[in-house]
Amino acid sequence: MARRRSSRRRRRGGSGFLYKLLSVLLICMAIILALTLFFRVDTIEVNGELRYTEDEIREAAGVKPGDNLYLLNKNDVAARIVEALPYIENVHPYRRLPDTLIIDVTECGRPLAVSQEDGVWLVSPHGKVVGRAESGDAVDYGAITGCTLLAPSVGTPIALATEYSAQQTSLIGLLTALESMELLDEVDAVHLDDLGFLSMDYGGRFTVRMAYGADYDWELQKLTKALSKDAIQSNMTGTFDLLSDSENVYFIPNVR
């Protein structure tokens with residue numbers, strides 16, 4: 001008799017577990033169905049565009065009105081935009097319920113031009129080939145000299161020969177620092193011709209020498225501090241030597 005009661009309790013316990021499992025599954029299915037039916041894209045907002053239009057970015061995103069907001073793969077959306085629109089370097093898509101997809105984009109700063117036999121290639125401050133230019137239009141950009149890009153293609157990172165890896169790393173480090181300090185517009189050219197140091201033509205009046213592999217944020221802080229001093233007059237031209245590890249900046253004026 002006791003064994004029969006124990007058996008009935010086990011059957012009831014098993015039925016209770018199955019009922020709870022079925023309930024959980026039904027709730028999950030209801031949630032998924034609700035997300036699928038009700039949260040659909042109606043509006044796509046774009047923020048941060050400069051070179052591209054909102055419509056261009058929407059088209060590159062590959063998201064259409066009516067697409068399910070929750071089933072969107074945000075990484076795929078970002079990858080499609082970066083691939084189609086090379087001047088865009090960072091994309092942050094996110095949802096705003098109930099029906100809006102917001103796409104924040106960050107475009108690269110002013111590119112510099114590398115002129116070589118296969119044409120003029122435009123390079124972003126983070127080292128990505130973002131476009132091509134006609135030879136006559138290269139003067140509209142700062143120049144990068146003393147290097148040859150290997151198999152350049154729009155949308156891909158630059159590549160120099162292996163023996164120039166220090167120059168490549170230093171070039172990107174310098175351009176990134178210039179962009180972060182909003183100084184790119186002051187740069188007329190960056191020269192990698194000398195294997196002992198890199199130099200740049202700056203502000204239309206100065207040459208600036210810096211070591212490869214330097215802390216370029218610090219070097220640029222030294223430069224801007226030196227330029228702010230009264231000793232550098234508005235009609236002066238010359239060379240700033242930042243090759244020393246010290247805080248000293250050596251200015252060699254041009255002799256007229």
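Q: Which residue in S3 is the bridge partner of Tyr94?
A: That's Ile102. Strands here are DSSP E runs of at least two residues, helices H or I runs of at least four, both numbered from the N terminus. This is a predicted model: local features need pLDDT of at least 70 and side-chain atom pairs 80 or more, while totals for chains, interfaces and linings use all residues. Residues count from 1 along each chain as its sequence is written, and side-chain values use heavy atoms, leaving out hydrogens and water.

Q: How many bridges do S2 and S3 pair over?
A: Eight, in the antiparallel sense; two strands pair if DSSP finds at least two bridges between them.

Q: And what's the strand order in the sheet?
A: S1-S3-S2, an open sheet of three strands with mixed pairing. The edge strands are S1 (43-47) and S2, each pairing on one side only.

Q: Switching topic: where does Tyr87 sit?
A: In the loop between helix H3 (74-84) and strand S2 (88-96).

Q: Buried or exposed?
A: Tyr87 is buried, at 14% relative accessible area. Buried is under 20%, exposed over 50%, partly exposed in between, using a 1.4 Å probe and protein chains only.

Q: What does Tyr87 touch?
A: Leaving out residues up to four places away in sequence, its contacts include Arg51, Tyr52, Cys108 and Leu122, where contact means heavy atoms within 4.5 Å.

Q: What about Leu25, which helix is that in?
A: Leu25 is in H1, residues 2-38. Leu25 is partly exposed, with a relative accessible area of 46%.
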